[in-house]
Amino acid sequence: MTRYTSVTDTDLSEMLAAIGVGSIEELFAGIPAGVRLNRPLALADGLSEQEVFEEFRALAARNVSAEDEISFLGAGMYDHYVPALVDSIIMRSEFLTPYTPYQPEISQGGLQAMFEYQTAISELTGLPVSNASVYEGPSAVAAAGYVAKYTTPGRRKFMISRGVHPHSRETLRTHAHAWDMDVTEAPLSGGVTQLLELGDDVAAVIVQQPNFLGAVEDLEAIAGAAHEVGALAIAACDPLPLALLKTPGECGVDIAVGEGQSLGNRLDFGGPSFGFFAATEALMRRIPGRIAGETKDVDGKRGFVLTLQTREQHIRREKATSNICTAQALNALAGVIYLSWLGKRGIVELAELMLQRTAYARERLTAIDGVTPLHDKPVVREFAVELGAPVGQVLARCREQGINPGYRLGRDYPEHADGLLVAITERRTRADIDRLVAALESAVLAEREAVGVST
Amino acid sequence: MIREADDTLTIYERSRPGRRAFSAPELDVPERPLDELLPSECRRDKPPRLPEVAEPEIVRHYNRLSKRNFDLDTGFYPLGSCTMKHNPKLHERIAALPGHARLHPLQDAHQAQGALELMWRLQDALGEIAGLPHVSLQPSAGSQGELAGVLLTRAYHEDRGEHRTKVLTPDTAHGTNPATVTMGGYDVVKVKSDADGNVDLDDLSAKADEDVACLMLTNPSTLGLFETGIEEIERIVHGVGATLYYDGANLNAIMGICRPGDMGFDIVHFNLHKSFTQPHGGGGPGAGPVAVSERIEPYLPRPQVVRRESSTNGKEPFFDLDYDRPKSIGRLRGFQGNYGVFVRSYAYIRSLGAPGLKEASETAVLNANYLLARLREHGVAEYLPAAYDRLCMHEFVLSGEPMRRELHVKTLDLAKRLLDHGVHPPTVYFPLIVEEALMVEPTETETKETLDRFAAIVATILKEAREDPEIARNAPYTTPVRRLDEAGAARHPVVRQAMQLAGS
């Protein structure tokens, strides 16, 4: 018996007798001899709970997490503070262990939480219809592209800004290939998207707000340009800056998607988190995934159900608007609890705090000899600089002092080989920023001296 | 007792201006005017109307909501095809260790060796379980794993200069299969099942031609039956140059007993939230890794976790992310996949080991066959016969058609009456080829007493229905709400809180 099973010898003989077979092996008689394994799996034997714990603790100890260094890494996922009440609530078994609420009478808690989540996403994005979550950010961009493909039949091109997260652009390309759609990149100019020659073959214009380099885009102008040629406007948004920024809805955007990790979810080396997906009323019946709706029971009592299910794979099969089934309900729950914790005023205060500290960090860093801003557009919690020194060596020097200055842009933007993307969450204090500035200053200076740049 | 004013109030309806749970950290940098940092034309006029509630009310609100959910830690949850097995508590503890939970996905590989090694070891273990040598952990859920499989198939054919247009799926397939085929840019061709619930080999032969890119198959099937003709299926599909795709939804039945790779499958997806105990979370998160054969390997998503042997003898190997994969289908999502899920699933594999995984599958099949036998004993079989009179694997399908005909009680009514007895109903009305289908998957982590009790409850409900079918037809009675108007909800969708509230 394993520690998760309960069949005693007595149980076994009673159960086999009831079935009418002599052994467990007989239950597998239908499996042809030619496909049987006939040897144990080449995996180690099981371990006690304590041994497993120790093994996984040792693995964790070989990672340098945001607990172990002062980290300014962002680029899509951010080290925000997650309040204790989020952990406490989402660890309740009633939220942790059920499946999709197919039986609404015994799933009102999860369904109502989805409804509250959808409301919060609508408030953030200014768009009236939100689903109950998709997997994560970049695949949400592809999911939005799929909606655009179907609502603009005959059009064969996605115009995606080079300011959209590189993972999102690559994910869109992966999908678009199967849809026989082309993906064209709109270049950046001065840090923001430059829309050149949009034709009437464009199904959607896709931008990111703020973009990957941290710059706030003019969504209104972009949405207007998209609509002028009959394309949809899609914005991949960072949800916390939306507390301050003009909403995608106000700007005329048709679909707002985004990565939800920064809303009460852990970094978890990249997942699980959640993606959000919100759209106009006109697109309501083309949206992918679960949607909770309010209704009444036979006694007239208020209740919630999964609604508009004729969009979904389990009903519509090959005609479904998406193949998504399991999404990210628990992560979205963490998101709505976090947003309730922040509240109407708190979310603005948090965003303003990040805005101020980010401005401070940007000013201090670009005052370093050799370090220049990569653009001068407004930013909220992330900004890009050129180091004027080899970025790899500079990062290595900072690391020695327990500081991780941010993300190297060169991997995704060869034109910014020594570019650095710096994220300032509310967990990075002025003291942390001052340490970053000091470390970076001495590292850049040392590297510039090493290559003989006159200062 | 004075009742809570209304236990269905939303968090927005509990909001009052001025209340708050959040207090911001100190502004420790010189404050600059907002207009200077963010010009007013960039800014929204009004803040998002999030609730204004203090911590005690938030906690109480969501605790109240939680009590309106049924969950696996509370009772029996035989939801067919979803594998609602116990979620070990240890897994939550280790996933929360800061070295896992606060690790940034773009951390340099040298500073993430524990995570990358864990992923590499999980890939290795999943490959061994599937009998296929190469694994990508990237897909976010089973459905994304399926899409990965279809895109891998497309890349494989295109690389050979072939342009195929169709994908075959059995009529018993999960809805995600045909939906995925469409998303992958192929046309769906449905293959019939024969009288025993197997894939109809004649129909398969007739439909398998040079335009077919792939057959997607679940084995055991969604009927809970092993495809006894799997070897012939493999010959037919590979005979026309198509790939064979294994939907891993039912892998829980065969771990350590037989392997998709040995059956000839080219691509397999795993549902880590089914066979490998990731909690279902009320509808996610999950993860849907794929395992593939040598010929599919060049196309796996990017990046791939690899182990690089050290050039210096005696040095530790180095675990890395390999982006240099020119034939890759590319990314399916951001970063490296749902790492938190990998931690839990790998912990499960380490806990059970080879003998334990095999025992889990054997016990799942034993429990299912025992429950099926008990449901026959109780005189239930005349109303709820097994759809196929065979031994089952880890789940089985009953047909409520005689019950509907003779008692005027539908499968849906039976399901709703089960709610009053404190068990989650099985999956209903799936697979589509069985009338009034009821799909039961007890899993290996349930005791014999629980299975006995479930059989007794079904018998009781049928006895009650013979006397007064109205009781089941109007059930449930004891749940937080009763049957809900789903048609009305879809006709006039209300999908967010109206904000004209007291105090907003």
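This is a predicted model: local features need pLDDT of at least 70, side-chain atom pairs count only at pLDDT 80 or more; totals for chains, interfaces and linings use all residues.

Biologist: Where in H11(B) does the kink lie?

Modeller: The kink is at B:Gly353 and amounts to about 95°. Beyond the helix, H11(B) is followed by B:Gly379, which has a positive phi near 70°.

Biologist: Why is H11(B) described as largely enclosed by the rest of the structure?

Modeller: The general idea is to count neighbours: a residue is buried if 20 or more other C-beta atoms lie within 10 Å of its own. Of the 39 residues of H11(B), 34 are buried, so the helix is largely enclosed by the rest of the structure.

Biologist: How should I read the pairing of strands, and which strands pair with E4(B)?

Modeller: Strands of a sheet pair through backbone hydrogen bonds, in either a parallel or an antiparallel sense. Strand E2 (residues 166-170) of chain B runs parallel to E4(B) and is joined to it by 3 bridges. In that pairing, B:Lys166 has B:Val212 as its bridge partner. E4(B) also pairs in the parallel sense with strand E5 (residues 243-248) of chain B, over 5 bridges. There, B:Cys214 stands opposite B:Thr243. Between E4(B) and E5(B) the chain crosses through helix H9 (residues 230-239) of chain B, and this β-α-β crossover is right-handed.

Biologist: What is the strand order in the open sheet of 3 strands in chain B?

Modeller: The order is E10-E12-E11, with antiparallel pairing. Strand E10 (396-399) and strand E11 (427-428) of chain B are the edge strands, each pairing on one side only. E11(B) and strand E12 (residues 437-440) of chain B are antiparallel and share 2 bridges; B:Thr427 stands opposite B:Met439 there.

Biologist: Which strands are at the edges of the open sheet of 4 strands in chain A?

Modeller: That sheet has the order E13-E14-E17-E16 and antiparallel pairing. Its edge strands are strand E13 (372-373) and strand E16 (407-408) of chain A. E16(A) is joined to strand E17 (residues 419-423) of chain A by 2 bridges, and A:Tyr407 has A:Leu421 as its bridge partner.

Biologist: Let us turn to whole chains. How is each of them divided into domains?

Modeller: Chain A has domain 1 (9-61), domain 2 (70-78 + 345-450) and domain 3 (85-336). The centres of its domain 1 and domain 3, taken over C-alpha atoms, are 41 Å apart. Chain B has domain 1 (90-349) and domain 2 (356-488). Their centres, again taken over C-alpha atoms, are separated by 31 Å, and 18 residues from each of these two domains take part in the contact.

Biologist: What do the totals say about chain A?

Modeller: Its secondary structure comes to 13 helices and 17 strands. The C-alpha trace spans about 90 × 55 × 50 Å along its principal axes. Of the 455 residues in chain A, 62% are buried. Among contacts in chain A with a separation of 6 or more, residues 24 or more positions apart account for 72%.

Note on methods:
Residues are numbered from 1 along each chain as its sequence is written. Chains are lettered from A and ligands numbered from 1 in the order in which they are written. Domain bounds come from an automatic or database domain assignment. The bend at a residue is the angle between axes fitted to the seven residues ending there and the seven starting there. A residue is buried if 20 or more other C-beta atoms lie within 10 Å of its own, exposed if 12 or fewer, and partly exposed in between; C-beta atoms are placed from the backbone. Two strands pair if DSSP finds at least two bridges between them. A crossover is right-handed if, with the strands pointing away from the viewer, the path from the first strand over the helix to the second runs clockwise. Two residues are in contact if their C-beta atoms, placed from the backbone, lie within 7 Å.
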